[in-house]
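Here is a short briefing on one protein model. Look over the sequence and the structure first, then work through the points by topic.

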Amino acid sequence: MIEIRETDALLVIDVQNDFCPGGNLAIAEGDAVVPVINRLAPLVPTVVLTQDWHPAGHLSFASSHPGKAPFDTVTVGYGDQVLWPDHCIQLTEGAEFHADLRIPQAQMVIRKGFRPAIDSYSAFFENDKATSTGLTGYLRERGVTRVICTGLAYDVCVRYSAEDAQAAGFETVIVKDACRGVNAHGSLEAAEQSFSDRGLTVVDSGDIAA
Ligand code: VGL
Ligand code: ZN
C-alpha cells in the first residue's frame with residue numbers, strides 16, 4: 001500500500017485526444033486512464049500535467065521524411081527516432097486534453113516536443129537527453145520527493161518520464177492501470193524489462209491510499 005504524503009507529486013502524461021481512440025496516434029483504450037486519473041488526482045498535493053505540443057512539420061512525424069511511414073525508425077542528430085503519424089499539433093483538437101479529464105487543481109502544465117528538430121518523450125529531458133524542461137527544478141523547489149506517474153503512453157512517454165524522475169533522485173512509482181501502451185517495435189516488453197532492471201515500482205491504483 002502506498003500512502004500519499006505531502007511531498008508527493010502526480011505526473012499526468014499526455015492524456016490528449018490524439019492518443020485516445022479516434023485520435024491520430026490512437027492508443028488502444030487510451031481513454032480508459034481518464035477515470036483512474038480523475039480518482040487519484042484529488043489525493044495528491046502536487047499535480048503536473050504534460051502536453052505533447054508539436055509544430056506542424058515536426059521531425060518526429062513520418063510525413064516530414066519522404067519515403068518513410070509511421071513507425072519506421074530513422075537516425076537523427078541525437079540518435080534513433082521512431083516516426084509517428086502527425087499528432088498533437090499545437091492548437092488543434094488532437095492536442096487538447098481529453099474532455100473528461102477533471103484536474104482543475106493542477107497548477108503546472110509542461111509542454112514538450114515544441115522544438116521542430118527535437119522530440120521529447122520524457123517530462124524532464126527531451127530526446128537529446130540534454131535539453132531540460134525545467135521540471136526537476138520545479139519539483140525540487142516545491143519540496144517534492146516522490147513522483148507518481150500516470151498517462152500515455154506507458155511504454156513511451158510514461159516510461160522515459162519515470163526513468164528520468166528516478167535518475168533525478170525522486171522516489172518513483174508507476175501506476176499501471178492509469179496508463180496504456182502503444183507497443184511499437186516491442187516497446188511494451190522493453191519498458192517492462194527496463195522497469196525491472198531499474199527497480200522501478202509498478203503498482204495498481206487500488207494500492208494507493210490517501
Ligand atoms: C508519445 C509518441 C510520440 C507519448 C508522444 O505521449 O507517449 N508517443 N509522441
Ligand atoms: Zn509526440
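This is a predicted model: local features need pLDDT of at least 70, side-chain atom pairs count only at pLDDT 80 or more; totals for chains, interfaces and linings use all residues.

**Around the ligand**

Residues are numbered from 1 along each chain as its sequence is written, chains are lettered from A and ligands numbered from 1 in the order in which they are written, and side-chain values use heavy atoms, with hydrogens and water left out.

**Polar contacts of the ligand**

- A polar contact is a pair of N or O atoms within 3.5 Å; within protein, one must be able to donate a hydrogen and the other to accept it, and residues adjacent in sequence count only if both atoms are side-chain atoms.
- The side chain of D14 has an N or O atom 2.6 Å from an oxygen atom of ligand 1.
- A polar backbone atom of A153 is 2.9 Å from an oxygen atom of ligand 1.
- For L152, a polar backbone atom is 3.3 Å from an oxygen atom of ligand 1.
- How much of the accessible area of ligand 1 does the protein cover? The protein covers 99% of the 260 Å² that ligand 1 has on its own.
- Accessible areas come from the Shrake-Rupley method with a 1.4 Å probe; for residues, only the protein chains shown count as cover.

- Most residues other than glycine have a negative phi, and most peptide bonds are trans.
- The peptide bond from L152 to A153 is cis, with omega near -15°.
- A153 sits in the loop between β7 and α3. Helices (H or I, at least four residues) and strands (E, at least two) are DSSP runs, numbered from the N terminus.
- D14 is not a glycine, yet its phi is positive, at about 50°. D14 belongs to the loop between β2 and α1.
- Is D14 buried or exposed? D14 counts as buried because its relative accessibility is 0%.
- Buried means under 20% relative accessible area, exposed means over 50%, and partly exposed is in between (1.4 Å probe, protein chains only).
- L91 also has a positive phi, near 70°, and is a residue other than glycine. L91 is in the loop between β5 (79-82) and β6 (108-112).
- With 76% relative accessibility, L91 counts as exposed.

**Nonpolar cores**

- A nonpolar core is a set of buried Ala, Val, Leu, Ile, Met, Phe, Trp, Tyr and Cys residues joined through side-chain atoms within 4.5 Å.
- The largest nonpolar core has 62 residues. L11, I103, L135, L139 and I174 have the most contacts inside it.
- Elements that each supply at least two residues of this core include β2 (8-13), α1 (33-40), β3 (46-52) and α4 (187-198).
- A second, separate core has 5 residues, among them L59, A62, V76 and L83.
- Which residues does I103 touch, not counting residues up to four places away in sequence? I103 touches V12, I37, N38, A41, V47 and L49. Contact means heavy atoms within 4.5 Å.

**Salt bridges**

- Side chains of opposite charge can pair when their charged atoms come close.
- A salt bridge is a side-chain nitrogen of Lys or Arg within 4 Å of a carboxyl oxygen of Asp or Glu.
- The structure holds 9 salt bridges.
- One of them joins D8 to R146, with the closest N and O atoms 2.8 Å apart. This pair links distant parts of the chain: D8 is in strand β2, R146 is in strand β7, and they are 138 residues apart.
- D8 is buried at 0% relative accessibility. R146 is buried too, with a relative accessible area of 5%.
- R115 pairs with E126, and their closest N and O atoms are 2.4 Å apart. Both lie in the loop between β6 and α2, so the pair ties together parts that are 11 residues apart in sequence.
- R115 is partly exposed at 31% relative accessibility, whereas E126 is buried at 2%.
- D14, D52 and K112 are linked in a network of salt bridges.
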